[in-house]
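I opened a new page for this protein.

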Amino acid sequence: MKVLAKITISKGTFEEWAVFFESYSSERQQFIDNEKIEKVSSNEARVEFEIKNLEGLTNLSSRTDILTKEEELGVKTDIIQ
């Protein structure tokens, strides 16, 4: 399943979010393919990828450390496609 997500960072910058997002890239790669990250503005990104294991990706995205950092950065994810 191909996904396009809009990431809005209300309490940080794209660069801060990108460092955080990269910190668990190898774990995401277990569940997705063909990830592309695009900077839209200083507080917005678009991420495109193909899901190969939805349950695994959902579990990873629900981890406390990830949710805590997303809250700290004010991350909001909207699925566009």
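These are my entries, topic by topic.

**Ground rules.** I am working with a predicted model, where local features need pLDDT of at least 70, side-chain atom pairs count only at pLDDT 80 or more, and totals for chains, interfaces and linings use all residues. Residues are numbered from 1 along each chain as its sequence is written, and side-chain values use heavy atoms, with hydrogens and water left out.

**Strands.** I took helices (H or I, at least four residues) and strands (E, at least two) as DSSP runs, numbered from the N terminus. Two strands pair if DSSP finds at least two bridges between them. I looked up strand 1 and strand 3, and they pair in the antiparallel sense over seven bridges. K2 has E50 as its bridge partner in strand 3. I then turned to strand 2. Strand 2 and strand 3 also run antiparallel, joined by seven bridges. Here I37 has V47 as its bridge partner in strand 3. Strand 2 and strand 3 form a hairpin, with two residues between them.

**Core.** In soluble globular proteins, nonpolar side chains tend to be buried together. I counted a nonpolar core as a set of buried Ala, Val, Leu, Ile, Met, Phe, Trp, Tyr and Cys residues joined through side-chain atoms within 4.5 Å. Buried means under 20% relative accessible area, exposed over 50%, and partly exposed in between (1.4 Å probe, protein chains only). The largest core has 20 residues, and I7, W17 and F49 have the most contacts inside it. Strand 1, helix 1, strand 3, helix 3 (54-61) and helix 4 (64-73) each give two or more residues to this core.

Which residues does I7 contact, leaving aside its neighbours within four places in sequence? I found W17, N43, E44, A45, V47, V75, K76 and T77. Contact means heavy atoms within 4.5 Å.

**Charged pairs.** Side chains of opposite charge can pair when their charged atoms come close. My rule for a salt bridge was a side-chain nitrogen of Lys or Arg within 4 Å of a carboxyl oxygen of Asp or Glu. The count came to eight salt bridges.

I looked up K2 and E48, which meet at 3.0 Å, N to O. K2 lies in strand 1 (residues 2-9) and E48 in strand 3 (residues 44-51), so this pair ties together parts that are 46 residues apart in sequence. K2 is exposed at 53%, while E48 is partly exposed at 23%.

Next came K39 and E15, which form a salt bridge at 2.7 Å, N to O. K39 is in strand 2 (residues 32-41) and E15 in helix 1 (residues 14-23), so the pair ties together parts that are 24 residues apart in sequence. K39 is partly exposed at 43%, and E15 is partly exposed at 40%.

R63 and D65 form a salt bridge, with their closest N and O atoms 2.8 Å apart. Salt bridges that share partners join E27, R63 and D65 into one network. R63 is partly exposed at 28%, and D65 is partly exposed at 45%.

**Pocket.** On a 1 Å grid over the protein atoms alone, a pocket is an open set of points where a 1.4 Å probe fits, with protein on both sides within 12 Å along at least five of seven lines; lining residues have an atom within 4 Å of a point. Grid points are joined across faces, edges and corners, and a volume is the space filled by probe spheres set on the points. The largest pocket holds about 410 Å³ of space. It has 23 lining residues, and F49, L57, S61, T77 and I79 are the closest to its centre. Helix 3 gives the largest share of the lining, five residues.
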